[in-house]
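Here are some notes to read with the structure open beside you. Take the points in order, and find each residue on screen as you go.

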Amino acid sequence: MAAIIDGKAVAATVKEQVAKEVEQLKEQGITPGLAVVIVGEDPASKTYVKNKKLACQAVGIHSEEYALPEQTTQQELLALVHKLNEKPDIDGILVQSPLPKGLNEQLVIENINPAKDVDAFHPVNVGRIMIGDYSFLPCTPAGVIELIHSAGVSISGKRCVVIGRSNIVGKPMAMLLLHEHGTVTVCHSRTQQLKEICSQADILVAAVGKAKFVTADMIKDGAVVIDVGMNRDENGKLCGDVDFAAAEKKASFITPVPGGVGPMTIAMLLKNTVTAAKRRAAAGR
Ligand code: NAP
């Protein structure tokens, strides 16, 4: 039976550290600030934004929410991003995705000052991740690495399989595992013999977006299984990509959903905001 990796507990430790650093920055007259921009009425996005605000409050980070109507134009959104780029008390800018149809998300990301891009989605920060210079940590994948470390598992030399190749999870996840000296395979919807590949993984990271996609026969005995997925099952209950009940019988360590990767993503966002504020402090701004 697998040991459960408690994402809430690991995230709490990260947040404690962040709160200490916020305190130190405040002593220097700097309060870290995060601006969260939300466009439209997507209920899930509203919940994420609310949770991010609460998390900021809990560690002493100043947060500002900019809720724009569904009909916001590209120009209006870019104008707000430019304003926030210049706002001296704002260290981090986050534009909640998905944006309503008609708005170009990539263009918005590219207009965020890379020094304030706490999601690490700007091409400059993506490029830095590629070369192993983490100006900002890509939040979800960095959270996964912390969770694996928290279990006392070394990634070096291990066979790691990531299912999913999105820009926000799969690709940066593969890169971080590679920097940790894992031997990494990335799978996607065109992958052939997915089951065989997954069942050889010492560390399996699922970021597919499909409930119970990873079944027991895809898991090697004793594997570390990290479930990034956030889906609704047939009863509307939150669940991951992994068939948890079956997987926990084979894995050595496993993350639950909820309470696994999710809390880490927010904790890493807070960490990035503090990193940006420390740079402001160092620059004497
Ligand atoms: P995404 O952009 O939809 O990417 C899904 C990936 O899964 C794609 O690369 C896709 O392949 C692959 N895929 C789909 N069907 C597949 C199949 N049958 N076999 C193999 N691969 C398949 O999703 P995402 O943004 O990366 O998110 C993935 C999941 O993580 C979602 O449930 C999301 O809600 C969750 N998530 C959680 C957090 C958190 O904090 N816990 C953060 C971000 C995302 P192709 O590229 O070939 O289409």
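Predicted model: local features only at pLDDT ≥ 70, side-chain atom pairs only at ≥ 80, totals over all residues.

1. Now look at the largest pocket itself. Its volume is about 1,300 Å³, and 46 residues line it. To find its centre on screen, look for Y48, T140, M230, G262 and T265, the lining residues that lie nearest to it. Two or more lining residues come from each of α1 (7-27), α2 (43-59), β4, α6 (139-150), β9 (231-232) and α10. Which element gives the largest share? That is α2, with 8 residues. By class, the lining of the largest pocket has 25 nonpolar, 14 polar and 7 charged residues.

2. Next comes the ligand. It is surrounded by 22 residues, and the closest are R165, S166, S189, M230 and T265. Helix α10 (residues 261-283) provides the largest share of the shell around the ligand, 3 residues. The shell is made up of 10 nonpolar, 10 polar and 2 charged residues.

3. S189 has a polar side-chain atom 2.5 Å from a ligand oxygen atom. A polar side-chain atom of N231 lies 3.3 Å from an oxygen atom of the ligand. With M230 the backbone takes part: one of its N or O atoms is 2.9 Å from an oxygen atom of the ligand. On its own the ligand has 930 Å² of accessible area, and the protein covers 72% of this.

4. The second largest pocket holds about 490 Å³ of space. Where does it lie relative to the domains? Domain 1 and domain 2 both give residues to its lining, so the second largest pocket lies between them. Of its 20 lining residues, V126, N167, I168, K171 and P172 are nearest its centre. The element α7 contributes the most, 5 residues, and α4, α5 (123-130) and β6 are among the others that supply at least two. The lining divides into 15 nonpolar, 3 polar and 2 charged residues.

5. There is also a cavity to find. The count gives 1 cavity of 30 Å³ or more, and the largest cavity contains about 90 Å³ of space. Its lining includes I93, L94, V95, E105, V108 and I109. At least two lining residues come from each of β4 (92-95) and α4 (105-111). The lining consists of 8 nonpolar, 1 polar and 3 charged residues.

6. Finally, check the backbone. Most residues other than glycine have a negative phi, and most peptide bonds are trans. Against that background, S97 and P98 are joined by a cis peptide bond, with omega about 0°, and P98 sits in the loop between β4 and α4. S97 is also part of the lining of the largest cavity. Another cis peptide bond joins V257 and P258; P258 is in the loop between β11 (253-254) and α10. H181, although not a glycine, has a positive phi of about 70°, and you will find H181 in the loop between α7 (170-179) and β6 (183-187).

Definitions and conventions
Residues numbered from 1 in each chain as written. Heavy atoms only, no water. Near = heavy atom within 4 Å. Polar contact = N/O pair within 3.5 Å; in protein donor to acceptor, adjacent residues only side chain to side chain. Areas by Shrake-Rupley, 256 points an atom, 1.4 Å probe, with all protein chains shown as cover. Helix = DSSP H or I, 4+ residues; strand = E, 2+ residues; numbered from the N terminus. Nonpolar A, V, L, I, M, F, W, Y, C, P; charged D, E, K, R; others polar. 1 Å grid on protein atoms, 1.4 Å probe; cavity = no way out; pocket = protein on both sides within 12 Å on 5 of 7 lines; lining within 4 Å. Points joined across faces, edges and corners; volume = space filled by probe spheres on them. Domains from an automatic or database assignment.
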